[in-house]
Amino acid sequence: HLDDPEDGFFSSNLRFGLGCYGRVGQVTSILGVASSLEGNNGRESPHSPECIEGIFVSGPIAGCGKTFLIQSIGDYLTSQGWIVLSAKFEMGLEHESRDVVSAAFNKLVNVLVNMRDGEVEKDVEYATNATKAISDALDRDSMSSLANFLPSIKELVDTIDEKHIGTNDAAESDKGNSYWQLVFLLSSLLGAVLSLDRRIMIYFDDLQWSD
């Protein structure tokens with residue numbers, strides 16, 4: 001291919017595989033944090049510092065493998081029973097960070113819905129318990145407010161009254177209150193799910209494009 005650009009580069013005999021090579025230090029550090037969270041599973045409040053960790057992954061240039069590193073770790077943690085969620089900020093697009101964060105939590109609700117409707121007994125039990133924990137953590141009005149940001153919550157919790165669900169137009173009229181309302185609602189949702197026996201990893205890609 002280097003001698004003749006017209007020649008096809010891909011070959012049926014050429015396989016690089018999907019391994020995450022040369023990242024032993026980074027993988028060890030991140031999985032060490034995950035291991036410490038598992039060690040505190042069930043012993044601390046889900047809102048305590050022992051149950052929540054943030055990791056910032058940076059690199060010198062675009063395309064140096066940051067996303068692939070996190071995706072590889074996410075795939076491994078998924079195989080260990082974690083719930084792994086992601087969302088991506090896009091360059092040049094007009095969006096609010098609120099919408100991107102809401103998209104990630106909407107995926108969490110969809111995961112629970114799929115577990116509940118699946119055939120794996122332990123997943124069905126987990127999703128049922130998670131739904132109850134969420135319902136206990138949020139009252140009727142809060143749940144209706146949450147549905148404005150996470151439409152899929154209506155598929156998980158059947159006690160939400162459609163008549164009490166407003167529109168995001170009202171939220172746009174007071175963005176300050178809307179922001180803190182979303183923080184409260186998502187914190188309550190996450191705390192309820194973390195009170196059970198599964199950990200959650202959420203990663204946001206291209207954070208530099210957030211507002």
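Reply: Leaving aside neighbours within four places in sequence, Asp123 is in contact with Met115 and Arg198. Contact means heavy atoms within 4.5 Å. This is a predicted model: local features need pLDDT of at least 70, side-chain atom pairs count only at pLDDT 80 or more, and totals for chains, interfaces and linings use all residues. Residues are numbered from 1 along each chain as its sequence is written, and side-chain values use heavy atoms, with hydrogens and water left out.

Asp123 sits in helix α4, residues 121–137. Helices (H or I, at least four residues) and strands (E, at least two) are DSSP runs, numbered from the N terminus. Asp123 has a relative accessible area of 16%, so it is buried. Buried means under 20% relative accessible area, exposed over 50%, and partly exposed in between, with a 1.4 Å probe and protein chains only.

Arg198 lies over the face of Tyr126, 4.8 Å from the ring centre. A charge sits over a ring if NZ of Lys or CZ of Arg is within 6 Å of the ring centre and within 35 degrees of the ring normal.

Now the strands. β1 and β2 pair in the parallel sense, over six bridges. Two strands pair if DSSP finds at least two bridges between them. Ser86 has Tyr203 of β2 as its bridge partner. β1 shows two faces: Ile83, Leu85 and Ala87 are covered, while Val84, Ser86 and Lys88 are uncovered.

Take Val84, which belongs to β1. Its relative accessible area is 24%, so Val84 is partly exposed. Not counting residues up to four places away in sequence, Val84 touches Gly74, Leu77, Thr78, Met201 and Tyr203. The C-alpha atoms of Val84 and Arg199 are separated by 8.7 Å, although the two residues are 115 apart along the chain.

An aromatic pair comes next. The structure holds one such pair. The rings of Phe89 and Phe204 have centres 6.2 Å apart and planes at 40 degrees, so the pair is tilted. Phe89 lies in the loop between β1 (83–88) and α3 (97–116), and Phe204 in β2 (residues 200–205), so the pair ties together parts 115 residues apart in sequence. Rings of Phe, Tyr and Trp (its six-membered ring) pair if their centres lie within 6.5 Å; planes under 30 degrees apart count as stacked, over 60 as edge-to-face and the rest as tilted. Phe89, at 2% relative accessibility, counts as buried. Phe204, at 30%, counts as partly exposed.

Then helix α5. Seven of the 10 residues of α5 (residues 140–149) are buried, so this helix is largely enclosed by the rest of the structure. The buried residues are Ser142, Met143, Ser144, Ser145, Leu146, Ala147 and Phe149. Asp139 caps the N-terminal end of α5: a side-chain oxygen lies 3.3 Å from the backbone nitrogen of Asp141. A polar contact is a pair of N or O atoms within 3.5 Å; within protein, one must be able to donate a hydrogen and the other to accept it, and residues adjacent in sequence count only if both atoms are side-chain atoms.

Finally, the whole chain. The protein chain has eight helices and two strands. From the N terminus on, the elements run α-α-β-α-α-α-α-α-α-β. Of its 211 residues, 33% are buried. Among contacts between residues at least 6 apart in sequence, 66% join residues at least 24 apart.
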